[in-house]
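Biologist: I have the coordinates open and would like to know what stands behind each label. Let us go through them together.

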Amino acid sequence: MKKLFAVALGILTAIGGFVDIGDLVTNATVGSRFGLSLAWVVVLGVVGIAVFAEMSGRVVAVSGRPTFDIVRERLGPRVGLVNLFGSMAVTLLTYTAEIGGIALALELGTSVWSYFWIPFTAAAVWVVLWRAKFNLLENAFGLLGLALLVFGVALWQLGPDWGQLWHTASTAAKPSPEPWPTYWYYAVALFGAAMTPYEVFFFSSGGIEEKWSPASIPTMRSNVLIGFPLGGTLSISIAACAAVVLLPAGIEVESLGQVALPVAVALGQLGLAVAILGFFAATFGAACATGLSVGYSIAQYLGWTWGKSVRPRDAARFHAVVLLSTLLAALVLLTTIDPILVTEFSVVFSAIALPLTYLPILIVANDPSYMGRHKNGALANTLGSIYLVIVLAASLAAIPLMIWTKVGTT
Amino acid sequence: MSDAIDANLELLDRQIVDHDGAMVAKVDDVELEERDDGRLHVTALLTGPGALGPRLGGAFGNMVASTWARLAGRTEPGRVSWSSVASVGIVVTLAVDRTTVAVDGFEVWMRDRIIAAIPGSKVLPK
Amino acid sequence: MTVRHRLNDLLGMQVRYADGTDGDRVIDVRLAPGPRVPGPMAELVVDGMVVGKMRPGTLFGYDRHPTQGPWLLRQVIGFLHRHTGYLEWADVERIDWDARVVHVRRTSLRKLPPAR
């Protein structure tokens with residue numbers, strides 16, 4: 001019974017944890033401009049992250065080595081350092097966006113200008129990272145994040161033309177006024193939002209925090225294979241709500257309020273309150289995950305002691321990096337930069353960082369001296385190889401598309 | 001031949017842990033001693049920016065190594081004698097405690113100067 | 001007085017064959033247990049070198065574990081490293097640490113023996 005509860009908890013955590021500020025904003029933006037014609041990208045991204053999360057989870061359960069250990073070992077210190085700089089930059093950018101997202105959620109809930117919330121949210125996140133146990137962190141925010149299921153409820157309540165929704169999703173029918181390059185730019189952005197590198201850093205480091213062993217693999221697999229797809233469904237329901245309410249009205253997503261608007265329309269004040277709770281939980285949880293991941297990546301590259309299972313003074317450099325990152329994120333946000341803009345950049349740059357992160361995982365998952373009998377089977381290898389090509393394509397296309405479409409504004 | 005190790009693939013850049021499994025450092029480089037028979041023997045593992053810098057190559061790598069040398073007040077990198085090594089596998093396991101090899105000057109500095117000052121640093125997270 | 005070197009200095013060194021040709025580099029060094037046992041583990045001694053062109057994929061291990069998957073990567077890496085070979089310590093005439101050149105008695109590489 002206890003085991004069933006643990007599995008359920010893990011799945012719930014994965015769902016709630018799947019949707020961060022990047023997913024919220026990007027899916028709503030895409031829904032408001034492209035309807036569900038980009039839903040296939042979410043599906044593609046969900047399968048991709050599930051494949052690589054399972055692989056990195058299996059690697060850490062069997063060998064005890066988290067992702068960034070492997071990145072340096074397989075790519076060498078020089079290329080590994082390039083990856084480190086890139087990954088840390090993207091994760092730091094994402095961290096900044098998440099803290100901004102918390103402030104935006106609080107603004108939505110209290111009508112107090114988000115700018116004033118920034119120092120408090122940054123400090124709150126840091127205190128949680130300093131003191132809270134890893135398990136508590138994951139479970140609390142994962143469960144609260146389920147409040148975002150209100151988007152599914154809202155969609156039902158809105159009573160849309162389901163046939164038409166299905167049609168645009170399955171045929172990828174791009175609305176005619178939108179240009180093709182912009183369509184592909186948002187495809188890359190959505191893909192980046194679904195497969196952000198910090199997710200595998202966090203997932204595999206979490207495996208060590210929770211002391212996984214080969215016996216943990218089945219539980220880990222059910223978390224991944226059920227949690228991520230359900231999280232993807234959540235993303236699509238956010239896009240669908242935007243498609244049903246914002247697209248016909250021509251409303252563009254420029255604030256978190258617009259993301260929540262369909263829920264307010266369908267379910268009124270109560271629905272809105274639940275959505276805001278969901279935003280808060282999802283962004284706070286993601287802020288914790290990204291903040292820790294900045295520390296994880298550099299600590300694992302340089303061989304430092306890291307993690308939440310030791311006293312802070314025993315992982316001094318790790319906690320110093322987390323503290324410094326939090327300060328930096330707060331300072332960037334205090335320049336009055338729009339957190340939504342930071343989010344938009346973070347998802348695109350995530351797409352760029354993908355290949356160098358996933359290649360070492362794929363290789364080590366095949367290494368018999370690491371994995372023994374748990375090494376990749378044909379399915380994992382086939383999917384892994386296909387996705388390696390896809391992430392490479394997305395990574396190479398990201399910057400040209402960003403320039404060509406002026407960050408998706410054309 | 002079955003105990004042969006390919007250094008670049010299986011020794012360099014691996015994590016070094018002590019006999020309790022606690023993190024020590026990475027194998028940033030390996031010390032080779034030329035003996036009378038002309039052969040090269042592995043005598044120690046080298047760690048820290050002093051060892052990693054040259055492996056990063058170029059002007060950047062040199063800058064890393066020289067900056068570290070200035071801050072640490074010496075040019076010899078962190079050194080873990082081969083006599084402390086118990087086994088080499090997915091990680092390099094030492095036979096001793098990490099305080100014996102004492103290669104984590106930066107960690108100690110950070111702990112004593114900054115982290116220890118923040119309340120709650122000695123408490124295990126709850 | 002014992003002379004100490006770093007492994008990093010040996011890696012990447014040019015290999016000059018007995019006929020004066022070069023173009024290959026040391027991409028890995030094979031270490032085998034030596035006679036001395038200073039601690040729990042026997043001291044490792046340089047037994048030979050893996051030599052080839054410095055191309056990406058040297059740390060992926062495909063040249064060492066010939067059947068490691070996935071298939072696509074193995075094919076790509078195998079192609080990039082098709083000229084990789086091996087030199088035993090006895091094949092080395094001398095190592096010029098300053099010029100970073102390994103002078104070798106042979107004119108070609110040996111076949112690469114798999115790791116295990």
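Biologist: Among contacts in chain B between residues at least 6 apart in sequence, how many join residues at least 24 apart, and what makes two residues a contact?

Modeller: The share is 46%. Two residues are in contact if their C-beta atoms, placed from the backbone, lie within 7 Å. For chain C, residues 24 or more positions apart account for 52% of the contacts with a separation of 6 or more. Please keep in mind that this is a predicted model: local features need pLDDT of at least 70 and side-chain atom pairs count only at pLDDT 80 or more, while totals for chains, interfaces and linings use all residues. Residues are numbered from 1 along each chain as its sequence is written, and chains are lettered from A and ligands numbered from 1 in the order in which they are written.

Biologist: Thanks! Why does Glu31(B) count as buried?

Modeller: A residue is buried if 20 or more other C-beta atoms lie within 10 Å of its own, exposed if 12 or fewer, and partly exposed in between, with C-beta atoms placed from the backbone. Glu31(B) has 21 C-beta neighbours inside 10 Å, so it counts as buried. Of the 126 residues of chain B, 47% are in that class, and for the 116 residues of chain C the figure is 37%.

Biologist: Where is the place of Glu31(B), and with which residues is Glu31(B) in contact, leaving aside its neighbours within four places in sequence?

Modeller: Glu31(B) sits in strand S4 of chain B. Its partners, with those neighbours left aside, are Thr43(B), Ala44(B), Leu46(B) and Arg79(B), along with Arg4(C) and Arg6(C).

Biologist: What makes a run of residues a helix or a strand here?

Modeller: Both are DSSP runs, numbered from the N terminus: helices are H or I with at least four residues, and strands are E with at least two. By that count, chain B has five helices and eight strands, while chain C has two helices and seven strands. The elements of chain C run β-α-β-β-β-α-β-β-β from the N terminus on.

Biologist: And how do you know that S4(B) and strand S1 of chain C are joined?

Modeller: Two strands pair if DSSP finds at least two bridges between them. S4(B) and S1 (residues 3-6) of chain C have four bridges and run antiparallel, so they pass the cut-off of the definition. In S1(C), Arg4(C) stands opposite Glu33(B).

Biologist: How many bridges does S1(B) have with S3(C)?

Modeller: Two, in the antiparallel sense. Ile5(B) has Leu31(C) as its bridge partner in S3(C).

Biologist: Why is strand S3 of chain C called largely enclosed by the rest of the structure?

Modeller: S3(C) covers residues 24-33, and seven of its 10 residues are buried, so it is largely enclosed by the rest of the structure. S3(C) also pairs with strand S4 (residues 44-52) of chain C over eight bridges, in the antiparallel sense. Within that pairing, Gly52(C) in S4(C) stands opposite Arg25(C). Arg25(C) is also the bridge partner of Gln14(C), where strand S2 (residues 14-16) of chain C is joined to S3(C) by two bridges.

Biologist: Which four strands of chain B form an open sheet, and why is one side of S3 and of S7 left without a neighbour?

Modeller: The order is S3-S2-S8-S7, with mixed pairing. S3 (23-26) and S7 (85-88) stand at the edges with a single partner strand each, so one side of each has no neighbour in the sheet. S2 (residues 15-17) of chain B meets S3(B) in the antiparallel sense over three bridges, and there Val17(B) has Met23(B) as its bridge partner. A hairpin of three residues connects S7(B) to S8(B).

Biologist: Last one: how many residues does the contact take from chain B and from chain C?

Modeller: It takes 30 from chain B and 33 from chain C. S4(B) gives the most to the side of chain B, with six residues. That side divides into 16 nonpolar, six polar and eight charged residues. Ala, Val, Leu, Ile, Met, Phe, Trp, Tyr, Cys and Pro count as nonpolar, Asp, Glu, Lys and Arg as charged, and the others, Gly among them, as polar.
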